[in-house]
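Trainee: Could we go through this structure together, in questions and answers?

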Amino acid sequence: MPLQYPIAEPAKDFLAVAISSEIKWLRSPLPMSLNHINCYLLRDGDGWCVVDTGMNGADAKKHWLNIIETELEDKPITRVIVTHHHPDHVGLAGWLCDNYQVPLYMSEKEYLYTCAFNRVRQGEPYWESETYFDRAGISETDRNALLVNEDYNHLVSEVPATIHVLHDGDHLKIGEHFWQIITTRGHSPEHACLYCQELDILISGDQVLPGITSNVSVSPLIPDDNPLKSWIEAHHKMESAVPDTVLVLPAHQLPFKGLHNRLEQVLDHHQHRLDELELLCDKPQSAQDLTYQLFDRKLESFQNFLAVGECIAHLHYLMYQNKIERNLVSGQYLYRRI
């Protein structure tokens with residue numbers, strides 16, 4: 001099915017768009033070029049279940065306070081579900097759960113990642129993080145800009161001390177309907193989507209977006225990871241588990257139909273990037289040098305960090321396919337086509 005957009009206009013200001021009598025779509029503001037995240041309200045008995053929360057910040061809190069006053073029909077929040085640990089999704093979960101005394105639902109790995117990143121930074125960066133930057137070829141300027149950045153700590157409110165764990169294959173009852181939990185890896189360690197067969201709706205988080213591709217990176221946290229392999233497997237899993245007829249409610253941009261088409265488009269995009277990188281590796285090069293060639297614009301430090309991480313993810317997948325090799329030369333990994 002080609003991509004279709006049944007709802008052409010997003011929510012405005014402090015309003016929500018009714019997807020149905022039981023689902024509302026709202027947009028929480030983000031302080032970046034991607035200036036919004038889609039959050040959803042699911043009717044849950046005598047209240048509303050929140051799916052994803054936006055970043056911790058004054059504008060986002062003001063937005064939620066207005067939504068609670070105008071869109072909840074004088075009914076309470078019953079629980080908060082978070083798809084994964086990235087700040088735009090989990091940022092206000094602690095604030096909502098604490099202020100309204102409601103439970104947090106999250107997959108176990110995503111909760112633990114939130115706790116790990118939400119802890120107070122202590123002293124100098126870990127030695128193996130420095131090794132990652134050295135071997136990737138990232139400059140001192142870019143790494144210093146990253147290492148003084150404590151965005152996660154102030155963009156994510158304090159993590160709730162208790163969670164209710166979402167497991168792959170669970171069927172969670174929300175209001176009158178059961179939602180199947182589908183977890184995937186690649187963009188994050190245990191991303192949770194919610195699929196309701198009865199309503200023919202998929203809340204996809206960042207797993208499937210209609211017009212942009214989610215970042216798939218190797219990070220200093222797991223320097224030998226192969227997230228692209230997991231990401232490709234996740235797309236096949238989604239295609240098998242969810243029919244093409246669903247209305248997809250994504251974390252960014254517009255709700256859409258044409259799930260299977262979009263899954264194939266993303267796989268094609270990554271295959272094109274793999275082919276491009278393999279050709280660039282005709283001569284030994286670092287991940288940073290390869291990244292400069294993949295992007296035709298100047299990247300600021302954090303963008304460069306994500307871009308290098310995604311480049312390394314593709315390089316690791318090519319290594320897994322035995323198409324390239326890497327060698328440590330003067331403290332940097334150089335990648336070469338076999």
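Predicted model: local features only at pLDDT ≥ 70, side-chain atom pairs only at ≥ 80, totals over all residues.

**Hairpin and overall fold**

Mentor: Asn327 stands opposite Leu334 in β14. Residues are numbered from 1 along each chain as its sequence is written, and side-chain values use heavy atoms, leaving out hydrogens and water.

Trainee: How many bridges join β13 to β14?

Mentor: Strand β13 covers residues 324-329 and β14 residues 332-337; strands are DSSP runs of E, at least two residues, numbered from the N terminus. Two strands pair if DSSP finds at least two bridges between them. These two run antiparallel, and the number of bridges is 6.

Trainee: Which residue takes a positive phi in the hairpin of β13 and β14?

Mentor: The hairpin has 2 residues between its strands. A positive phi near 55° belongs to Ser330.

Trainee: What radius of gyration does the protein chain have, and why does it agree with a compact globule?

Mentor: The radius is taken over C-alpha atoms, and the globule rule is 2.2 Å times the number of residues to the power 0.38. With 338 residues, the rule gives a value near 20 Å, so the chain agrees with it at 20 Å.

Trainee: What percentage of the residues count as buried?

Mentor: Buried means under 20% relative accessible area, with a 1.4 Å probe and protein chains only. Of the 338 residues of the protein chain, the buried share is 53%.

Key
Buried < 20%, exposed > 50% of the residue type's maximum accessible area, 1.4 Å probe, protein only. Helix = DSSP H or I, 4+ residues; strand = E, 2+ residues; numbered from the N terminus.
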